[in-house]
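Thanks for making the time this morning. Please have the sequence and the model open while I talk, and I will go through a few places in turn.

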Amino acid sequence: MNINLTFLILTIIAALWSVMGRSLLKATIGLAATSALISILIFRLDSPLAAVFELSVCTGLITAVFVSTISLTKPLTHKEILQASKDRFKRYWYLPVILVVIGIALVLLKVRQDFIMAPVPALQQDVRDVLWNFRRLDILGQVIILLAGALGVVILFEENKRNER
Amino acid sequence: MNANSWQLFSTFGFFIILLFACGAYCLVVTRNMIRAIIGIELLIKAVTLLIILAGKITGRTSLAQGLVMTIIVIEVVIAATAAGIALWVFRHTDSLDVRSLRSLKG
């Protein structure tokens with residue numbers, strides 16, 4: 001339990017870093033760290049396949065997408081950075097305070113432990129069975145969404161090329 | 001729910017709510033489009049962790065894993081498309097500020 005707790009605390013710190021960090025690149029690295037820590041937690045919750053998926057796709061692919069997007073944008077000048085950091089401090093210093101308040105409220109809020117869970121029917125224990133037999137429609141949805149996403153990205157980048165000409 | 005499951009649920013639930021609050025705050029406060037996408041990502045990650053936790057507690061990890069894979073695929077598509085839109089807006093307005101979108105027609 002202590003290991004889980006350590007990873008959970010590290011996850012929140014990484015999330016805070018990604019939200020409050022000054023540079024976008026550091027924010028992206030913070031998001032990747034959050035994702036990697038969540039992968040470890042998912043693995044510890046007996047879901048290795050989802051953990052591997054999270055680690056490879058969210059930590060790897062999404063970080064690559066963000067870094068390429070940031071590299072294609074113009075960096076701020078020194079004056080703009082100074083102005084932005086002043087604005088950021090004003091807007092973001094509430095976040096740790098809000099988190100502490102929520103934490104205290106959750107600790108004080110005594111949720112009853114004896115709630116009854118709804119009975120669930122028996123289910124195949126193999127992920128492959130679930131994916132290919134029980135949730136067949138999800139696979140179809142995933143394929144459609146992937147195609148739609150790929151098409152959307154292609155159209156957006158095409159538009160950029162056209163504008164450059 | 002037995003004592004072990006409750007302890008697991010309460011510990012993870014506490015931090016999942018904090019993670020969700022981080023993402024929601026980022027989404028509400030930020031003016032930068034890329035940071036807004038990061039906020040959405042944090043929200044999705046909190047939900048992902050909650051689904052896996054529910055799967056662990058109810059003993060249906062396989063179903064939870066199947067759902068999480070679907071969520072991750074959708075998450076990637078959202079991130080890629082949103083990043084493309086942010087880049088497109090940057091090329092047009094020379095800024096990643098969401099307020100620059102006010103000048104759009106319609």
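When I speak of helices here, I mean DSSP runs of H or I with at least four residues, numbered from the N terminus. With that in mind, and remembering that this is a predicted model, let me start with Asp97(B), which is placed in the segment after H3 of chain B. If we set aside its neighbours within four places in sequence, Asp97(B) is in contact with Arg31(B) and Met33(B), and its C-alpha is 9.3 Å from that of Ala86(B), a residue eleven positions away in sequence.

Both Met33(B) and Ala86(B) turn up again in the packing of two helices, Met33(B) on the H2(B) side and Ala86(B) on the H3(B) side. How do these helices run relative to each other? Helix H2 of chain B, residues 33–58, and helix H3 of chain B, residues 61–93, pack at an angle of about 175°, their axes being 10 Å apart, and they are therefore roughly antiparallel. The residues of this contact comprise 15 nonpolar, three polar and four charged.

One residue of that contact, Lys56(B), also takes part in a salt bridge with Asp46(A), where the closest N and O atoms are 2.5 Å apart. This pair crosses between chains, since Asp46(A) sits in the loop between helix H2 (24–44) and helix H3 (48–71) of chain A, while Lys56(B) belongs to helix H2 of chain B. Over all chains, the search finds seven salt bridges.

Finally, on chain A, Phe89(A), Trp93(A), Tyr94(A), Val97(A), Ile98(A) and Val101(A) make a nonpolar surface patch of about 600 Å². Helix H5 of chain A, residues 94–108, contributes the most to this patch, with four residues, and Ile98(A) lies in that helix.

Terms used
Residues are numbered from 1 along each chain as its sequence is written. Chains are lettered from A and ligands numbered from 1 in the order in which they are written. This is a predicted model: local features need pLDDT of at least 70, side-chain atom pairs count only at pLDDT 80 or more; totals for chains, interfaces and linings use all residues. Side-chain values use heavy atoms; hydrogens and water are left out. Axes are lines fitted to C-alpha atoms, for helices over the stretch in contact, and angles run from 0 to 180 degrees between N-to-C directions. Angles under 35 degrees count as roughly parallel, over 145 as roughly antiparallel, 65 to 115 as roughly perpendicular and the rest as oblique. Contact means heavy atoms within 4.5 Å. Ala, Val, Leu, Ile, Met, Phe, Trp, Tyr, Cys and Pro count as nonpolar, Asp, Glu, Lys and Arg as charged, and the others, Gly among them, as polar. Patches are made of residues with over 30% relative accessible area and no salt bridge: like charges are joined within 9 Å, nonpolar side chains (Val, Leu, Ile, Met, Phe, Trp, Tyr) within 5 Å. Accessible areas come from the Shrake-Rupley method with a 1.4 Å probe; for residues, only the protein chains shown count as cover. A salt bridge is a side-chain nitrogen of Lys or Arg within 4 Å of a carboxyl oxygen of Asp or Glu.
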